[in-house]
Amino acid sequence: MIRVLLVDDQALIRSGFRALLDLEDDIEVVAEAADGEEGLVLIKEQLPDVALIDIQMPVMDGIEATRRVAADPALADVHVVMLTNYGMDEYVFEALRAGAAGFLVKDIVPEDLLHAVRVAARGDALLAPSITRKLIHRYVAQPPLATSAALEELTSREREAVALAARGLSNDQIADHMVISPMTAKTHINRAMTKLHTRDRAQLVVLAYESGLVAPRNR
């Protein structure tokens, strides 16, 4: 059972998401909060698999709440997905830096919301949609930063796997591209995250772009 916690200051959004998610046999909404501070308290109490958190809220915004979740070792298994009204919200890239596994626009179609929750619950990043590629292009289409020493510790296969992940490929797609098993692809990604000290796949992808391992494509 995937346990989900909703954090949004709009009651209508929370009730709509809850109604949709609770219809699924494998998903359960365990709690709701109207601001980031309350949400953080409930996350610590409930330890959900996925926390859907609005970016802009009173008392404590979603980015700060996400940052605190990412900094707490006891919450390492909580995957934060940010909610935004606008796909190109200026705060979204900052949310990924803070430790979010990805983001969703609030007018997402039901099927995509359900898919996103399941993807986040298994530890994958929500970085495949074209809107995210545009976001990454907007914020990191600049001279690359110096490659970190940690990046140089990756094997050639690990670097290849990270580059493919940064293009939005899933583990299965990375496996097909590299002609390896999905488990081996996952191992490459996990080892890269360990070596680069990234909390999750989303931060790994951000680092791949910022370091210059992958360059944004013009669109």
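At what angle do the axes of helix α8 (residues 156-166) and helix α9 (residues 171-178) cross? In this predicted model, the two axes come within 10 Å and cross at roughly 130°. Angles of 65 to 115 degrees count as roughly perpendicular and those over 145 as roughly antiparallel, and α8 is therefore oblique to α9. The crossing of α8 and α9 is right-handed. On the α8 side the contact is made by Arg-157, Glu-160, Ala-161, Leu-164 and Ala-165, and on the α9 side by Ile-174, His-177 and Met-178. Sorted by class, the contact of α8 with α9 has five nonpolar, one polar and two charged residues.

**Other helix pairs**

Helix α2 (residues 36-46) packs on helix α3 (residues 62-71) at an angle of about 25°, and their axes lie 9 Å apart. Since angles under 35 degrees count as roughly parallel, α2 is roughly parallel to α3. The crossing in which α2 passes α3 is right-handed. Gly-36, Leu-40 and Ile-43 of α2 meet Ala-65, Arg-68 and Val-69 of α3 in this contact. The contact of α2 with α3 comprises four nonpolar residues, one polar and one charged.

The axes of α10 and helix α11 (residues 201-210) come within 10 Å, with a crossing angle of roughly 70°. Because that angle falls in the range of 65 to 115 degrees, α10 and α11 are roughly perpendicular to each other. From α10 the contact takes Ile-189, Ala-192, Met-193 and Leu-196, and from α11 Arg-201, Leu-204 and Leu-207. By class, the residues of the contact of α10 with α11 are six nonpolar, no polar and one charged.

| Helix pair | Angle between axes | Axis separation |
|---|---|---|
| α8 and α9 | roughly 130° | within 10 Å |
| α2 and α3 | about 25° | 9 Å |
| α10 and α11 | roughly 70° | within 10 Å |

**The second largest pocket**

Which helix gives the most to the lining of the second largest pocket? Helix α10 (residues 182-196) does, with four residues. The second largest pocket holds about 240 Å³ of space. It is lined by 15 residues, of which His-79, Arg-122, Gly-123, Asn-190 and Met-193 are the closest to the pocket centre. Met-193 of α10 also takes part in the contact with α11. By class, the lining of the second largest pocket has seven charged, four polar and four nonpolar residues.

Key. Residues numbered from 1 in each chain as written. Predicted model: local features only at pLDDT ≥ 70, side-chain atom pairs only at ≥ 80, totals over all residues. Heavy atoms only, no water. 1 Å grid on protein atoms, 1.4 Å probe; cavity = no way out; pocket = protein on both sides within 12 Å on 5 of 7 lines; lining within 4 Å. Points joined across faces, edges and corners; volume = space filled by probe spheres on them. Helix = DSSP H or I, 4+ residues; strand = E, 2+ residues; numbered from the N terminus. Nonpolar A, V, L, I, M, F, W, Y, C, P; charged D, E, K, R; others polar. Axes fitted to C-alpha atoms, helices over the stretch in contact; angles between N-to-C directions. Left-handed = near helix turned anticlockwise from the far one by under 90°. Contact = heavy atoms within 4.5 Å.
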